[in-house]
Amino acid sequence: MDVNFHIPDFLKHFRLNMVLLSTLEKNKEWFRDGVRIASVYGAFPPALWNGGRAALGTCDERTVKEVLNFYNSKGIPCRYTFTNPLIQKEHLSDQFCNMLLRAGHNGLNEVIVNSPILEEYIRKNYPKYKITSSTCKQIRDTEQLCAELEKDYNLVVLDYNYNNDFEFLEKLPHKEKCELLINACCEPNCKRRGEHYSSIGAEQIRFNEYLHSPSALTKPFQANEFKCLSMRLPLYKTTGFSTHISPEAIYEKYLPMGFNQFKIEGRTLPDINVLENFVYYMIKPEYKDLARLEMLAKLTANVKYFK
């Protein structure tokens with residue numbers, strides 16, 4: 001059975017992901033059985049519809065098309081994290097986000113959604129996209145989650161608090177559609193998670209307003225004041241969380257139960273932290289040091305990856 005990993009971020013970690021994919025192609029024997037990169041998720045800044053993590057900055061259409069082409073040429077979908085919970089109808093006409101959808105509207109790429117308003121708009125205007133239901137919905141009700149799994153979603157990313165509730169997981173329908181967030185940095189049962197998502201969504205909207213205002217020429221953007229110490233926790237600070245899923249558990253527990261979709265978070269982490277997650281989850285123990293050194297050497301080499 002394929003072990004499908006959904007990895008961050010198609011732009012911020014472009015070089016790292018290029019190294020990972022090259023290593024997987026050339027040194028497949030280093031990798032655990034069945035490892036497959038099923039998608040690369042993220043956002044091209046300053047996408048107003050983006051959520052989950054802030055995407056501040058700018059990006060041109062040429063870069064968008066080159067990035068999409070790189071992954072798509074390898075048969076790998078890019079998944080837009082269009083999970084801003086504050087989207088309203090007036091935001092649907094955003095030119096940059098619509099350009100992104102047009103650029104990737106080839107039947108391979110995907111979108112992660114949170115807002116019903118945005119989901120309806122995408123389904124109507126860009127029907128070739130596979131739609132994933134976001135963990136940002138924080139669905140903790142059993143009946144609601146089962147109903148979500150019956151809907152026309154390609155995948156449903158479960159709330160991370162379900163990760164090791166095996167009695168609950170065993171009862172879920174459509175386990176093949178369930179995506180598990182395996183390295184969550186949030187504390188279990190975080191009470192501010194929803195507030196944080198809304199804060200990030202508001203910041204993304206505010207940043208887009210800033211870019212189109214005269215102040216963008218005269219003063220810097222004031223970033224979000226929301227404080228969360230967990231956001232940048234490295235992997236080995238989170239392995240003791242009750243929500244953590246180890247690589248051994250993937251093979252010994254989740255795969256036999258029928259779960260084979262696994263999300264690695266880390267969109268805003270430094271490359272080296274995300275690399276360690278890749279090594280931890282994907283590389284066989286006896287090859288970890290060799291693979292880590294090889295990928296670090298490639299990552300730090302002076303290679304130009306765009307013409």
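Contact is taken here as heavy atoms within 4.5 Å. The model is predicted: local features need pLDDT of at least 70 and side-chain atom pairs count only at pLDDT 80 or more, whereas totals for chains, interfaces and linings use all residues. Residues are numbered from 1 along each chain as its sequence is written, and side-chain values use heavy atoms, with hydrogens and water left out.

Beyond its neighbours within four places in sequence, Phe-5 is in contact with Val-35, Arg-36, Ile-37, Ala-38, Ser-39, Ile-182, Ile-250, Phe-262, Ile-264, Tyr-281 and Met-282. Phe-5 and Met-282 touch the most other members of the largest nonpolar core, which has 80 residues. Such a core is a set of buried Ala, Val, Leu, Ile, Met, Phe, Trp, Tyr and Cys residues joined through side-chain atoms within 4.5 Å. Helix 9 (residues 271-282) gives the most to this core, with seven residues. Buried denotes under 20% relative accessible area, exposed over 50%, and partly exposed the range in between (1.4 Å probe, protein chains only). Helices (H or I, at least four residues) and strands (E, at least two) are DSSP runs, numbered from the N terminus.

Nine of the 12 residues of helix 9 are buried, so the helix is largely enclosed by the rest of the structure. The buried residues are Val-274, Leu-275, Glu-276, Asn-277, Phe-278, Val-279, Tyr-280, Tyr-281 and Met-282. They pack against strand 1 (3-7), helix 1 (14-26), strand 2 (35-42), helix 8 (247-257) and helix 10 (288-300).

In helix 4 (residues 116-125), the buried residues are Leu-118, Glu-119, Tyr-121 and Ile-122. Seen down the helix 4 axis, they fall within an arc of 165 degrees, and therefore line one face of the helix; the arc is that of the directions from the helix axis to the C-beta atoms. The face turned away from this buried side carries the exposed residues Pro-116, Glu-120 and Lys-124. The packing partners of the buried residues of helix 4 are strand 3 (78-82), helix 3 (95-103), strand 4 (110-113) and strand 5 (130-133).

Zero disulfides, defined as pairs of cysteine sulfur atoms within 2.5 Å, are found in a search of the whole structure. The sulfur of Cys-97 lies 12 Å from the closest cysteine sulfur, that of Cys-59, which is too far for a bond. Cys-97 is buried, with a relative accessible area of 0%. For Cys-136, the closest cysteine sulfur is in Cys-186 at 9.7 Å, also too far for a bond; Cys-136 is buried, at a relative accessible area of 10%.
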